[in-house]
Amino acid sequence: MSGLVLASCSPRRSELLHRLGLSFRTDAPDVDEECSLPAPEAVSLLSRRKASACAVRNPGCTILAADTLVALEDKILGKPADADDAVRMLHLLSGRSHQVYTGVTVISPDGQILTGYDRTDVTFDTISDEEILSYVRSGDPLDKAGAYGLQGRAGMWITHISGSESSVIGLPLYLVRSLLTRSGFPLVREIDLNQTIKG
Ligand SMILES: Cc1cn([C@H]2C[C@H](O)[C@@H](COP(=O)(O)OP(=O)(O)OP(=O)(O)O)O2)c(=O)[nH]c1=O
């Protein structure tokens, strides 16, 4: 086997990677996402866990994995457990700034492991109870860290973002470029090749 494998079932991560013009497969192993470390260490460790589990199943491939968490002071917000939890998280985020951490790991075909993380600061306007309930009813927040998707309706609540938008959505593209390049992955050649195949 060879090529690039994205160890993720997130449609947003696939979409972001497609934007680069790369060809890849997805293979998302089930991993334990429980972790009590601070957010930067947690996203790094969890992205490494995902990548390592995927590497075992895809020898000879370059593996890419990521993990995203939201941090608000000393609280870490992953995906909400249910609708009530999503309402609780959105109330916490309303009218305040928080940090989004995304860890990325690349494993090269020879087993070299490279990990990095991005921190992006996001500020929310005050959101009304009516807006929160309507948004949660839409179902959009349930599969997203912090119970919101910047790329969807929640984008209209964001007054300020300092950092990488693609990182908030789940895959910091600048970090993907840097880690893939450092791992020896021929990024430009692969993009050119994919464009040629697509005609
Ligand atoms: C904050 C935020 C998160 N998210 C998403 C990105 C991630 O998909 C998700 C966080 O959960 P993750 O556990 O990082 O990823 P995942 O379970 O969706 O996918 P996989 O583990 O298979 O790679 O939240 C957004 O799409 N938009 C946002 O604005």
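The model is predicted, and local features need pLDDT of at least 70, side-chain atom pairs count only at pLDDT 80 or more, and totals for chains, interfaces and linings use all residues. Residues are numbered from 1 along each chain as its sequence is written. Helices (H or I, at least four residues) and strands (E, at least two) are DSSP runs, numbered from the N terminus.

Staying with H1, which covers residues 11–19, colour Arg13, Leu16 and Leu17, which are buried. Seen down the axis of H1, its buried residues fall within an arc of 95° (taken from the directions from the helix axis to the C-beta atoms), so they line one face of the helix. An α-helix has 3.6 residues a turn, so residues three or four places apart point the same way. Now show what covers these buried residues, which includes S1, S3, helix H5 (165–169) and helix H6 (173–182), a contact being two C-beta atoms, placed from the backbone, within 7 Å. After H1 comes Gly21, with a positive phi near 90°.

Next select strand S3, residues 62–72, where 10 of the 11 residues are buried. Strands pair if DSSP finds at least two bridges between them. S3 runs parallel to strand S1 (residues 4–6), joined by three bridges, and Leu6 stands opposite Leu64. With strand S5 (residues 97–107), S3 runs antiparallel through nine bridges, and there Ala66 faces Val104 as its opposite residue. Strand S4 (residues 75–77) is also antiparallel to S3, with three bridges, and Ala71 has Ile76 as its bridge partner. S3 and S4 form a hairpin with two residues between them, and Glu73 in the turn has a positive phi of about 50°.

Then select the ligand, which 25 residues surround (C-beta atom, placed from the backbone, within 6 Å of it), the closest being Ser8, Ser10, Lys144, Leu150 and Gly170. H1, S3 and H5 are the elements that give two or more residues to this shell, and S3 gives the most, with four.

Finish at helix H7, residues 187–198, which is hardly covered, the count of buried residues among its 12 being zero.

Note on methods: Buried ≥ 20, exposed ≤ 12 C-beta atoms within 10 Å, placed from the backbone.
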